[in-house]
Amino acid sequence: MDAFFAAAEQAAKPSLRGKPVVVGGVGVRGVVSTASYEARVFGVRSAMPTAQARRLCPNAAYLSPRFTLYRQVSDAVMELLHALSPLVEPLSLDEAFVDLEAGGVPAETAAVRAVGEKLRRDIRSATGLTGSVGLAGAKMLAKIASEAAKPNGLVVIEPGTERELLGPMTVRTLPGVGPATAETLRRAGIHTVAETAEAGEAELVRLLGRAHGAGLYAMALGQDDRPVVAERDAKSISVEDTFEVDLTDRTRVRSEVLRLADRCVQRLRAAGRSGRTVVIKVRNYDFSTLTRSETLRGPTDDPAVIREAAVRLLETVDTTGGVRLLGVGVSGLADFTQEDLFAQLATEREAAEAATAAAVEQADGEREPHEAEEERPRRWYPGLDVVHDEFGAGWVQGSGVGRVTVRFETPWSAPGRVRTFAVEDPALRPGEPLPLVGGAPADGQSSEPAILPKFLSPEPGDTGSVGEEISSR
């Protein structure tokens, strides 16, 4: 998918179409997750600190991620891919490998190109967004082709042209070549894929070790025999948070670890898994990062067990200097749980205590205000879906000094009006993401998806794609 998170936000918010949009952490320590093509013109890139992105592109819309929406779109795309083949290997929410041969598609250029073009049309129709398709005889080559096809294109790498295509590319193009490996190769005078192949397998093994060197040599020749694996088994499930201000209060650190442990259990149960090893991650004020782990007697998804283990691990870490990031994870995943009698009793006791406290609170007449307070988010994050009793659906543009600014528009409406409310306005509440397509009202207002920059948009009547000439070399 093309600039997936940002494109989904542009499709959902008519006032942002054709404008720079950056999705990620919006705080002073946030990191860019996705930048729209309009924002990339200014140098904004994924994994860049949000503070740096704001300096490069101060007029962009900076929005918090809405993973509920992205998951809905991803599910629709993955359903289309599974219709093509039983062998679909998801890499993330917006990317996957598909083995077309397993789906009965002939290994002919015309046939696979037709399938790719139909897939692009189907994605556009189902989601309102665009995706780019790379077609080749190996996973590595298909990945390279899809990158060359962006945005909104299709590239076929013809059999026999692999080495010619790869030769001039930087060695970082090859899978498994990160900054450290690239630096090792640079010191040896190896900068491109062609130079990597010319160096020979023996030299690469000497530089990088047998496994890495031999694998890199094969990929430099365009050889990649990795199969498409339908079920990529997750090795761990984790959650983490970066804090805008370093946490120095030990009690606050502990409460955050407990909160993260609960979130981790929710993800664990949603995946239908249990885990044997609990891991915590602590990044200190000076960016030093520590991890601690504890292996349990058996796999579990019991929140009490995981919370207790996370707290025990926290006790082994000195946090007095300040904590910048905390994380809790579970590894050693399994599809079953080993019941822990003591944890089960503790969980039941906690539930009973909570029920008693709730009954007392209700008797005191305080239950309704408490529930209303729980429903309201601690902050009105930019991009958050909201609903107003009078003005309907909209999204948060920003908030501060006790006020929240909302733009009222939907994916199928014209750009909407902006209004400001008190943050505690009882008529304003969080909403749910609206569908990007299929919700157009009867008056026929446009629900066009995100608009590409003019210099990237195809000319009228042009059915080609960016990077198309690669397939004709």
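Lys139 and Glu89 form a salt bridge whose closest N and O atoms are 2.8 Å apart; the term denotes a side-chain nitrogen of Lys or Arg within 4 Å of a carboxyl oxygen of Asp or Glu. Because Lys139 lies in helix α6 (residues 139-149) and Glu89 in strand β4 (residues 88-92), the pair ties together parts that are 50 residues apart in sequence. Helices (H or I, at least four residues) and strands (E, at least two) are DSSP runs, numbered from the N terminus.

This is a predicted model, in which local features need pLDDT of at least 70 and side-chain atom pairs count only at pLDDT 80 or more, whereas totals for chains, interfaces and linings use all residues. Residues are numbered from 1 along each chain as its sequence is written, and side-chain values use heavy atoms, with hydrogens and water left out.

**The chain as a whole**

- The protein chain has 15 helices and 16 strands.
- Of its 473 residues, 42% count as buried; buried means under 20% relative accessible area, exposed means over 50%, and partly exposed lies in between (1.4 Å probe, protein chains only).
- The accessible surface of the protein chain comes to about 24600 Å², and 52% of this belongs to carbon and sulfur atoms; such areas come from the Shrake-Rupley method with a 1.4 Å probe, and for residues only the protein chains shown count as cover.
- Among the contacts in the protein chain with a separation of 6 or more, 61% are between residues 24 or more positions apart, a contact being heavy atoms within 4.5 Å.

**Salt bridges**

- The structure holds 24 salt bridges.
- In the opening pair, Lys139 counts as buried at 8% relative accessibility, and Glu89 is buried with a relative accessible area of 6%.
- Lys143 forms a salt bridge with Glu95, with the closest N and O atoms 2.4 Å apart.
- This pair links distant parts of the chain, since Lys143 is in helix α6 and Glu95 in strand β5 (residues 95-98), 48 residues apart.
- Lys143 is partly exposed at 30% relative accessibility, and Glu95 is partly exposed with a relative accessible area of 24%.
- A further salt bridge joins Arg269 and Asp301, where the closest N and O atoms are 3.6 Å apart.
- Arg269 lies in helix α12 (residues 250-270) and Asp301 in the loop between β10 (289-300) and α13 (303-314), so this pair ties together parts that are 32 residues apart in sequence.
- Arg269 is partly exposed, with a relative accessible area of 46%, as is Asp301, with 21%.
- Salt bridges with shared partners join Asp241, Arg252, Glu256, Arg259 and Arg263 into one network.

- Three strands form an open sheet in the order β2-β1-β3, with mixed pairing; two strands pair if DSSP finds at least two bridges between them.
- The edge strands are β2 (32-35) and β3 (61-63), each of which pairs on one side only.
- From one strand to the next, the twist averages 25°.
- Strand β1 (residues 21-24) pairs with β2 in the antiparallel sense over three bridges, and Gly24 stands opposite Val32 in β2.
- Helix α1 (residues 4-12) packs on the sheet and touches β1, β2 and β3, its direction making about 120° with that of β1; axes are lines fitted to C-alpha atoms, for helices over the stretch in contact, and angles run from 0 to 180 degrees between N-to-C directions.
- Nine of the nine residues of α1 are buried, so this helix is largely enclosed by the rest of the structure.
- The buried residues of α1 pack against β1, β2, α2, β3 and α4 (67-84).

**A nonpolar surface patch**

- Val41, Phe42 and Leu56 form a nonpolar patch on the surface, with about 270 Å² of accessible area together.
- Patches are made of residues with over 30% relative accessible area and no salt bridge, like charges being joined within 9 Å and nonpolar side chains (Val, Leu, Ile, Met, Phe, Trp, Tyr) within 5 Å.
- Phe42 is found in the loop between α2 (37-40) and α3 (50-56), and counts as partly exposed at 44% relative accessibility.

**Thr300**

- Thr300 has its place in strand β10 and counts as buried at 6% relative accessibility.
- The C-alpha atoms of Thr300 and Arg276 are separated by 6.3 Å, while the two residues are 24 residues apart along the chain.
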